[in-house]
Amino acid sequence: MANQIGNYSLYIALIASIFLIFQSSNSIRSKSKNLDSKIFSALSVQSLMVFISFFSLIYAFIISDFSNETVYNNSHTTKPLFYKISGSWGNHEGSLLLWLLVLTIFLFIFLINSKKLLIKYRLLTVLFQELIIIGFLLFILFTSNPFLNLFPIPKEGMGLNPILQDPALAIHPPILYLGYVGTSIIFSSSLAALVCGMVNKIWAKHIKKWIIISWIFLTIGILLGSIWAYYELGWGGFWFWDPVENVSLMPWFCLTALLHTIIVLEKRNIYQSWTIILSIATFSLSMGGTFLVRSGILNSIHTFANDPSRGIFILCFLFALVLLAIFIFFIYQKKNLKNISKSFLASKETAILINNWFMMFFLSVVLIGTVYPIFLEVINGSKISIGPPFYQKLIAPFLIPFLLFMAVGPNLKWIKDNLSKINFNQLILFVLSIIISYLLVKLYGVNYLFAVPLFGLGFFLFFLTVRDLSSKDSTLSQKISHFGFSLFILSILFNGIFAKEFTSNMKVGDEREFMNKTIKFENLKIIEKNNYKSLVANFNVSDNKGSINLSPEVRIYNQPKTLTSEADINSTIYSDNFLVFNVIKDDGYYNVRYQHKPLMLWIWFSIILISAGGILGYFKKDD
Amino acid sequence: MIKNIKFIIIILFSLFIFFIFLKGLEKPNNYLPEKTSSKIETNLSAKKLYDQKEVLLGELINNNNFSIINIWASWCLPCRDEHVYLLNLKKTNSINVIGINYKDKKSNAVEFLKDFGNPYSEVLTDPDGTKSIELGAFGIPETYLVNNKNKEIIKKYIGPLNDVKFKEILKIIKNEKN
């Protein structure tokens, strides 16, 4: 029953979408002065229908209705209720339905929130957004319908991938999607603003809120994914430069650049082209990410669907939107470039422009690293794999000037500043930072590319932002984010350089010496749980300061049969002790990996600080 | 004029990327796990489906030049899709098709073979799924192409067989024979 309701509501939403495209283009042509009430009602109907459809899928998951193919493929009666619900968007079909839900709801909110603006602009945004919505509706209905019936009805489902049974991962996709889909509104509205010739201060003020909110969700979404990878995958790191991770990072670079550019547009009425191009690029990268992940063109742990027709659909749809955007950009660009005000070298806007170029550089590195293997394979059939060293070596040196501009830039004035007044205070902090990092590197014998300037500028940004935090100013949100970023850079530097790892094959009772620590494999228990069997090991790690017990697990799930390693992590504010073990063969030996990772908690905390700055910026009263 | 050139370059560049991606979609993108061992586990012993007699897998891999080992179950939907390919492989007469019935009820399995046809020269049962794990299976359906002479796995196919994989099997057999 829920199946039929879900399916038919999607068709009604499709009809509403066709009607909206027709009606909004009609209203634009007739230059109507008021918003047609039909448009508002059609949009309400559409949002409601998608909402109903999404909830009927969740309902089917809760009652384990295996006549629904999606439920059959991804659920099981013994799953805890929480994971039954999260299972509804943990799969390809359900996640697209969630995309669609957020798309329609965001458009609805946009329409309510933009009452003060030009009617033509609002109608055009509705038109562009509906073009995206109709694409998704067709995609869902014809290539990935979540409401397909199964007959005869199976008695039991195929289960949800146990790796995905994790609270961080259950909420990671929806949060990330809010970020991705938020960029669709930015895309539609920037095209609309371009057509209306209103890429200006007023528009910037209005769209800034959407940019900030998408940026917050994207940041937190990436953070949650990273936390999940650290705790669940048991690889002992927080970022692996896996193609699917990169795909979420690319729109983040773009959106971060956009966030800074829109402030310049709001304050100074310049950088119109930057704003529009970044808006288009951010959304294209979000959609492109969906394409790369969902088409199975990448090989990665996240790859679910391997249906080429889906890939072709998203690809054509994406490029249709991109081409549309390019055409609109070239036709209407002139209209928006009336007032070109002069900008000076030493000014805040120049610092932001430099920041943008750096962001574009980081973006290109990640983009090339992710996409180049695909290109190469198509062009001459050779397979290459690009690993973390590529990204680290290319990004690390460029972080040095980036950090410098980030530290100095916010202290410059708008329009024109005097370079000669670079104060004594800053210079002292700079020298101090370099000395500290030099001593640090010498003392610990760090052997890493550009270690001294990297640490030095990390500290410099840290000191400057700490100093500025105390000074009273209206840009508290910016300061918190930048402070968070300096903390982030320092924590990953410490973490990456001072991490220690130890691997060995051990059996129960074995003891190993590592650095000045003793690792003892004390015992091993087997515990039967509701939907899995668990091997729980007990290790003792001791040194002259004290000892800690760590109990990593290996879980054997029955539906489907999968082994997962659950690392045990002892976190303190100074460092993490990470221990994970794996079954080798039946001879009593286990592969044990112990890692000591300094400042791990600070990485998460600093990203939370960065987003907190964004949240503060969102609620800040406009001056 | 300069603007037009810019425009054309951007359009051409987007189209270029589009076609690369389109080509990229055509490549087989099923993830193949690293071969842990290229030899098939000949010492694996299991009960036969019909007479419940214990038999070694190695004994079954001998009549022909090649064997197909196919892991399936009556409750598995993709197995139904690939069944016709197995029947066709049987018809070539140069391949021994051996089935491993994964976590299934005997009655359901027998009925499945009665309804859809039986491509297997022999079916072994794997009621608790452990035999398949010993073979290195990742999920069902899964199919191995084995060279009977040296008992080596030539290729693993994860997921249901389809036209492309079917043709590839025939091609491999033809090439190896020569």
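1. What share of the contacts in chain B with a separation of 6 or more is accounted for by residues 24 or more positions apart? In this predicted model, such residues account for 72% of those contacts. Chain B holds 6 helices and 7 strands, which follow one another along the sequence in the pattern α-β-β-α-β-α-β-α-β-α-β-β-α, and buried residues make up 31% of its 178 residues.

2. In chain A, helix H8 (residues 201-232) packs with helix H17 (residues 600-619) at an angle of about 165°, the axes being 9 Å apart. Since angles over 145 degrees count as roughly antiparallel, H8(A) and H17(A) are therefore roughly antiparallel to each other, and their crossing is left-handed. On the side of H8(A) the contact includes Lys209(A), Trp215(A), Thr219(A) and Ile227(A), while H17(A) contributes, among others, Trp604(A), Ser611(A), Gly614(A) and Tyr618(A).

3. The largest nonpolar core has 148 residues, of which Leu100(A), Leu103(A), Phe136(A), Ile211(A) and Cys254(A) touch the most other members. H8(A) supplies the largest share of this core, with 17 residues. If residues up to four places away in sequence are left out, Leu103(A) touches Ile132(A), Ile133(A), Phe136(A), Val181(A) and Ser184(A). Another core, of 32 residues, lies apart from the largest one, and among its members are Tyr85(B), Tyr102(B), Val123(B) and Ile140(B).

Key. Residues are numbered from 1 along each chain as its sequence is written. Chains are lettered from A and ligands numbered from 1 in the order in which they are written. This is a predicted model: local features need pLDDT of at least 70, side-chain atom pairs count only at pLDDT 80 or more; totals for chains, interfaces and linings use all residues. Axes are lines fitted to C-alpha atoms, for helices over the stretch in contact, and angles run from 0 to 180 degrees between N-to-C directions. Helices (H or I, at least four residues) and strands (E, at least two) are DSSP runs, numbered from the N terminus. Angles under 35 degrees count as roughly parallel, over 145 as roughly antiparallel, 65 to 115 as roughly perpendicular and the rest as oblique. A crossing is left-handed if the near helix is turned anticlockwise from the far one by less than a right angle, and right-handed if clockwise. Two residues are in contact if their C-beta atoms, placed from the backbone, lie within 7 Å. A nonpolar core is a set of buried Ala, Val, Leu, Ile, Met, Phe, Trp, Tyr and Cys residues joined through C-beta atoms within 7 Å. A residue is buried if 20 or more other C-beta atoms lie within 10 Å of its own, exposed if 12 or fewer, and partly exposed in between; C-beta atoms are placed from the backbone.
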